[in-house]
Amino acid sequence: MTISHAPEATPSPSRPDELLLSVQDLQVEFSTSAGVVRALDGVSFDVRAGQTVAILGESGSGKSVTAQAIMALLPKPAGSIVGGRILYGGVDLAAEPVGRVRELCATEIAMIFQDPLSSLNPVYRVGWQIAELFRRRRGTPKQEAWAKSLALLKRVGIPDAETRIRDYPHQFSGGQRQRIMIAMAIALEPKLLIGDEPTTALDVTVQKQVMDLLADLQAETGMGMVLISHDLGVVAEVADRAAIMYAGRIVEFGGIREVYDHPAHPYTQGLLNSIPSNTARGERLTPIAGSPPNLLALPTGCSFHPRCPFATDLCRNQVPALRAPEGWALEHLAACHRSEEVLAHD
Ligand code: SF4
């Protein structure tokens, strides 16, 4: 990442409900030795200040590619944005040079990755790594930067922070390292935080603690959040909206309770039926039949049809548009020809 050593201005705080990010009809392709893969096909969603959008789906559905595209982290030269816009503060990130996007991301948009060990530098003390952000980005004097680093470690719940600030990443548990990553991500008070499977490597108790911490920080700072997860249960308590992805497309979108309580797409129903907490004690989980499609050879019509218990000939021949099912909330959308029947069956 290109880092300027000149101090930067602190970004102005977001207004409540301000539109921070608008992803519009985003299309991403990867060139592979076997051919061109359309990894994202017409992905659209907005994120407002103080709002959390969860992007959910199985591996390969396009969740992480969405985050990579926003942060200009698509693997080069294979991956590229071939259509659509990523509007942030009126600037189309998809059309900006990579260096400019990364500069912007370094101060206003932060990302938490699944594996903190790969993001923390193993040869520097964690306190120094956090303090260095303030010194490089804000020109903060050394002692003050160290004090800010300590305050952040306390804020994210590192016990005995006064001592542990001098420890190296490998001396912390997985949950503590993820907290340190969160401390680094929020250090410069980003307007937007993107978490790509931020709790996947953690046990269930620590997962909840990290999610609660993110929710608390959001309430404090008003930042917008995009949380990417394959686990619908993990984000249920903190997200406002849910985007369910399958084969590079959003197949269902809406308020989190609306989507969880009344899934209008058979794929969402399948994901929810495979969450242990959604199943009564003693009842078997129902996994989704089959496996995700090969993006190089997508099924015709609705990509989900080979796995769908509702599939008809129409499904096999015609790609369903994302639409509000008749008689349901206009902001609840599903890409399914039979979403009214799916809702009635739920
Ligand atoms: Fe199933 Fe057809 Fe709906 Fe696709 S369009 S999810 S195949 S019912």
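Tutor: Let's start with a definition: a salt bridge is a side-chain nitrogen of Lys or Arg within 4 Å of a carboxyl oxygen of Asp or Glu. By that rule, one salt bridge is found across the interface of domain 1 and domain 2. Keep in mind that this is a predicted model.

Student: What makes Glu58 and Arg307 a salt bridge?

Tutor: The N to O distance between their side chains is 3.1 Å. The cut-off is within 4 Å, for Lys or Arg nitrogen and Asp or Glu carboxyl oxygen, so the pair of Glu58 and Arg307 qualifies.

Student: Where do the two domains run, and how far apart are their C-alpha centres?

Tutor: The domain assignment gives 19-239 for domain 1 and 269-344 for domain 2. Their C-alpha centres lie 29 Å apart. The contact involves 13 residues of domain 1 and seven residues of domain 2.

Student: How much area is buried between domain 1 and domain 2, and which atoms give 73% of it?

Tutor: About 770 Å² is buried, and carbon and sulfur atoms give that 73%. On the domain 1 side, Val37, Glu58 and Leu232 supply 55% of the area buried against domain 2, more than any other three residues.

Student: How many salt bridges does the structure hold?

Tutor: There are 15. One of them joins the side chains of Asp41 and Arg38, at 3.4 Å from N to O. Asp41 and Arg38 are also linked with Glu29 in a network of salt bridges.

Student: Why is Asp41 called partly exposed?

Tutor: Its relative accessible area is 33%.

Student: What makes Arg100 and Glu96 a salt bridge?

Tutor: The closest N and O atoms of Arg100 and Glu96 are 4.0 Å apart, and the pair is listed as a salt bridge. As for cover, Arg100 has 42% relative accessibility and counts as partly exposed, and Glu96 counts as partly exposed at 29%.

Student: Why are Arg135 and Glu132 said to be about one helical turn apart?

Tutor: Because they are three residues apart in helix α4.

Student: Is Glu132 buried or exposed?

Tutor: Buried: Glu132 has 14% relative accessibility, and the label needs under 20%. Arg135, at 35%, counts as partly exposed.

Student: What else sits in helix α4 (residues 126-138)?

Tutor: Trp128 has its place there. Trp128 makes a nonpolar surface patch of about 290 Å² together with Val123 and Tyr124.

Student: Why is helix α1 (residues 63-70) called largely enclosed by the rest of the structure?

Tutor: Because six of its eight residues are buried. These are Lys63, Val65, Thr66, Ala67, Ala69 and Ile70, and each buried label stands for under 20% relative accessible area.

Student: Which residue with a positive phi follows α1?

Tutor: Ala72, with phi near 55 degrees.

Technical notes. Residues are numbered from 1 along each chain as its sequence is written. This is a predicted model: local features need pLDDT of at least 70, side-chain atom pairs count only at pLDDT 80 or more; totals for chains, interfaces and linings use all residues. Side-chain values use heavy atoms; hydrogens and water are left out. Patches are made of residues with over 30% relative accessible area and no salt bridge: like charges are joined within 9 Å, nonpolar side chains (Val, Leu, Ile, Met, Phe, Trp, Tyr) within 5 Å. Accessible areas come from the Shrake-Rupley method with a 1.4 Å probe; for residues, only the protein chains shown count as cover. Helices (H or I, at least four residues) and strands (E, at least two) are DSSP runs, numbered from the N terminus. Buried means under 20% relative accessible area, exposed over 50%, partly exposed in between (1.4 Å probe, protein chains only). Domain bounds come from an automatic or database domain assignment. Contact means heavy atoms within 4.5 Å. Buried area is the accessible area (1.4 Å probe) that two parts lose on being put together, summed over both.
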